[in-house]
Amino acid sequence: MQKLRAFAVIATGLFTLAGCNFGFGDKSKPTTPPPQSGLEQRPANDKCVAGKRPAVGTDLAQLQAVFPNLTFNQPLAMVQAPNSNERWYMAEKPGRVLAFANTAATTQTTPFIDLTAQVDDRSEGGLLGIAFHPDYAANGYVFLSYTSSDSGGANFRSVIARFTANAVRTALDTSTELVLMTVAQPYDNHNGGGIAFGPDGFLYIGFGDGGSGGDPQNHGQDSGTLLGAMLRVDVNVGSSELASGLRYKIPSGNPFNGSPICINGSCPNQINKASRCSGSGCPEIFAWGLRNPWRWSFDRLTGDLWAGDVGQNAWEEVDLIQVGKNYGWNCYEGSHVYTPSCASMPNLVMPITDYDRNVGTSITGGYVYRGSAIPALTGTYLFADFGSGKILGLSDPKGAATRNELTTTPMSGIAAFAQDSDGEVYAINLYSGKIFKFAPGTKVATPGFPQKLSDTGCAAGTDPKEVTSGMIPFDVNSPLWSDGADKKRWLALPDNTTINIDSSHDWTLPPGSILRKDFYLDSKIVETRLLAHHTDGDWAGYSYEWNADQSDADLLADSKSVVIGTHTWYYPSGSDCLRCHTIAAGRSLGPETAQLNRDYTYPTTGKIGNQVFTFSSIGLFDAALSASPANLPALAAPDDASKALTARAYLHANCSHCHRPGGPGRGEIDLRYDVAFNAMGVCNKLPDTGDLGVVDARVFSPGVPEKSLVSLRMHTTDVTTRMPPLARNRVDEAGAALIDAWIRSVASCG
């Protein structure tokens, strides 16, 4: 059983938690002896090296980087003007739209409009959508969807507005803004925000349920609010109508046509849901019962409207959105009952397909492929999972609707897709700010990653449980909980390469590096994982299952669960590995100063040495250490009774790879060890992904772990609500107790 680690700021001997200082004793302690190196020299390594990432089998498609000279700041939507393929227009989350030439060698962008002064881009908000009027060449109209708020952040709301371009169509004039509608947003997530003109010439607008997990106000099933719905409005309003205050008209085919136009997102006198509109629902609604239609599009051939609707805790779904239909949220999540009391409601529409957490965590809707570059994909609905990075396709979506994983290269962070005038499809990565284009898949001419651990170069030929001589063992101060397994770790760097340590003490491993981790249950090795930084820049994870006689281990093609003794052991897929080894955390999690700043006994020399000092002394770093290990951050070792224990180290090791700036964890939560308590974004924060049925639940409720989701999610093994979300079939009782004690020790957010 793994013991708990704890964080200590060794340099000062003090640790601050929620405004309280915990001393580690008298500062006038004896002089710390100089650190020692546990190794005499760097071992040569020409065997355990990651080359270019191999493909496995035949990909149906691949993503190729395009516009390599451009990088955007949190890009969310990319479109072309109608009947023109000369330029692209990219909407960035903070509030800018940039234009750039549609040529591969383009090196610059030009500002099209800058709304950063009025956009509130907190959490899932920002500049979320852009749509050119079908007659843009004549009228210069461009419509934007963004979130805004009053001074101090009050009255968070979605805004749909029209802007007019200058005469030469090179920029939008901010003074021409005409607000069509504002929709009050009760929370800063599930805001939707996508907009597009349909083949009927009307403007479609997608809004989520307004946030707070589980849609407790049932916006999805309330046709008296614009939340949780797809809207359709006619923006072709004449000058006299505009002068009278009319901003849009209602198409005759909308299901609630004839009801009063909704004001600021809800029917008149409907703010507290005390009464209904005089009609049966908001006339702007085209369809409803949606949780968060984050990205959606029209099939350019058939006109069908396809949406990726983001799930709550368990199921993501693809929907064919049709007029007057109710898509079931929050009675159903995907095709599965979510609220039993309304599960028998008639006329609910089930999704075309849905998928669970074994596939991914947050769907990003795409486009039906109508290009010519990949004939095999014609008519396939392309989409992705933001969290797992899987690129997926739904072939024959209106028929057999078969879901396939299109490429073996996952790319987490795909927040949007785009389609050019030729029907070719692009993917936009929020994390990297880069653009990728779908291209034909390639048949593999060389073998894939070795199928046997003994063939990887990272295992001794005589006994694969042993490593090759070029691998360096290490241990961490605070390990990730792995269902009680014991673990051994090694690092392999290619010869003549070095590690970079940044100002926050995170380590960047050079291309070609491989991390090996062995897992033991009851002293028996059950799994070996390799995390490889391939020489083409990609990271990939590989899971090997040990055979019964312990002679070798086989590479797994996908995830699986196996009962081993009293354990249910989960073997992750390659995409599972990258769900935890996130881009935001630098992919490699253990190798960082605070984790490796500790003594270790090196088997090859028998010497005890500080790991960070040892790595430096044998030339593994590209620069000298910024300070002595005694003055560098460290997570306290589990057997170091002189250091105060803290839950912050546990959260850092188990949760911060997702819950940090730029990470895939939902909401603006930062669980890194060195973030001040009041900057973590947890105290008294309302939950974003459900309250688990607990009245007045918070992410962190001071003094009350029973109302704190950071504790409650640790105490369950339910796959839809547990944290960490993967490979966690047992509750870490000691870890949960540590978190509970921490919560009880904090009296208030102040």
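Student: How many strands form the open sheet here, and in what order do they run?

Tutor: In this predicted model, 6 strands make up an open sheet, ordered β30-β31-β34-β35-β36-β37, with antiparallel pairing. The edge strands are β30 (472-474) and β37 (553-555), each of which pairs on one side only. On average, neighbouring strands of this sheet are turned by 25° against each other, ignoring direction.

Student: Okay, let's zoom in on one pair. Over how many bridges do β35 and β36 pair?

Tutor: Strand β35 (residues 524-533) and strand β36 (residues 539-546) pair over 7 bridges, in the antiparallel sense. You can look up one of the partners: L531 is bridged to G541 in β36.

Student: Now helices. What describes two packed helices?

Tutor: You use the angle between their axes and the distance between the axes. The crossing of α6 past α8 is left-handed.

Student: Which residues make the contact?

Tutor: From α6 you have A647, R648, Y650 and L651, and from α8 there are G735, L738, I739 and W742. Sorted by type, the residues of this contact come out as 6 nonpolar, 1 polar and 1 charged.

Student: And are the residues of α6 buried or exposed?

Tutor: For α6, 8 of the 8 residues are buried, so the helix is largely enclosed by the rest of the structure. Among those buried residues are R648, H652 and N654.

Methods: Residues are numbered from 1 along each chain as its sequence is written. This is a predicted model: local features need pLDDT of at least 70, side-chain atom pairs count only at pLDDT 80 or more; totals for chains, interfaces and linings use all residues. Side-chain values use heavy atoms; hydrogens and water are left out. A crossing is left-handed if the near helix is turned anticlockwise from the far one by less than a right angle, and right-handed if clockwise. Helices (H or I, at least four residues) and strands (E, at least two) are DSSP runs, numbered from the N terminus. Contact means heavy atoms within 4.5 Å. Ala, Val, Leu, Ile, Met, Phe, Trp, Tyr, Cys and Pro count as nonpolar, Asp, Glu, Lys and Arg as charged, and the others, Gly among them, as polar. Buried means under 20% relative accessible area, exposed over 50%, partly exposed in between (1.4 Å probe, protein chains only). Two strands pair if DSSP finds at least two bridges between them. Axes are lines fitted to C-alpha atoms, for helices over the stretch in contact, and angles run from 0 to 180 degrees between N-to-C directions.
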